[in-house]
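Visitor: Could you walk me through the packing in this protein, with the cut-offs spelled out?

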Amino acid sequence: MEFDKRKLNTIERGKNKASYDKKIIYSILDASEICHIAFVFDDTAFVQPINFGRIGDQLYIHGSHLNRMTSALIESKTVCLNVTILDALKLTRSAFHHSVNYRSAMVFGSVEEVLEPQKKIKALKGIINHFVPNRWAHCRPPSDAELKATRVLEISIDFASSKIANTPPKDNKDDLKLDFWAGTIPVKKTLMPPIPDQFMAHNTEVPKHILKFIENHT
């Protein structure tokens, strides 16, 4: 299933790298803990990174009631956000053709503030489990005061697109005989062994869900 192609999400440059397939776009979103959100505040454009969660066709973010980004998004009722994952650096003989391999998803969505307490908890659970799967079941849930102090936004994905570059370096034919090194430097995110909090009891073992999460990303 694909997202509808509209003026905003139709990719014109690099059409061969474009995809509107939901599974591909969601896989890119799910592979990153951070998205970057564009918004306008006091007639000034901003881009802000923030952690998020996905439940079906909805994304969720949270912040304080004084957060200017969430306030701006509620006022505009729309949002554009991006997730980009760097996969490789491509070095060519010419400076001109240096490039990268990447996976990028651009999302255009409608914004609503989540006010109903149980829906807020569900959204926050989605955000926490986006960090580490099954994490919500292994930490204290928010208190009533914490829930009241937290603003939660639901972003319904209206339409989206992705660009994926996964090709070897490409030099001009005349440059291939130049004696400069050319090639690909793969980039991979690695999770290191967990470090216990300084107040953790020494005999407390690292939970299985954390060990499994690290194993799956190593």
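Here are some questions and answers about its cysteines, core, backbone and aromatic rings.

Guide: This is a predicted model, in which local features need pLDDT of at least 70, side-chain atom pairs count only at pLDDT 80 or more, and totals for chains, interfaces and linings use all residues. Residues are numbered from 1 along each chain as its sequence is written, and side-chain values use heavy atoms, with hydrogens and water left out.

Visitor: How many disulfides does a search of the whole structure find?

Guide: A disulfide here is a pair of cysteine sulfur atoms within 2.5 Å. For Cys-35, the nearest cysteine sulfur is that of Cys-80, 10 Å away. The number of disulfides found is zero.

Visitor: Is Cys-35 buried or exposed?

Guide: Buried means under 20% relative accessible area, exposed over 50%, and partly exposed in between (1.4 Å probe, protein chains only). Cys-80, at 24%, is partly exposed. Cys-35 has a relative accessibility of 1%, so Cys-35 is buried.

Visitor: Which residues touch the most other members of the largest nonpolar core?

Guide: A nonpolar core is a set of buried Ala, Val, Leu, Ile, Met, Phe, Trp, Tyr and Cys residues joined through side-chain atoms within 4.5 Å. The largest one has 26 residues, and the elements giving two or more residues to this core include helix H1 (22–30) and strand S2 (34–41). Those touching the most other members are Leu-29, Ile-37, Leu-59, Ile-61, Leu-73 and Ile-157.

Visitor: Where is Asp-43, the residue with a positive phi?

Guide: Asp-43 is not a glycine, yet its phi is near 65 degrees. With a relative accessible area of 79%, Asp-43 is exposed. Its place is in the loop between S2 and strand S3 (44–51).

Visitor: What kind of aromatic pair do Phe-3 and Tyr-26 form?

Guide: Rings of Phe, Tyr and Trp (its six-membered ring) pair if their centres lie within 6.5 Å; planes under 30 degrees apart count as stacked, over 60 as edge-to-face and the rest as tilted. Phe-3 and Tyr-26 are 6.1 Å apart centre to centre, with 75 degrees between the planes. That makes the pair edge-to-face.

Visitor: How many residues apart in sequence are the parts tied together by Phe-108 and Phe-159?

Guide: These two rings are stacked, at 5.2 Å centre to centre and 15 degrees between the planes. Phe-108 lies in strand S7 and Phe-159 in strand S8, so the pair ties together parts whose separation in residues is 51.

Conventions. Helices (H or I, at least four residues) and strands (E, at least two) are DSSP runs, numbered from the N terminus.
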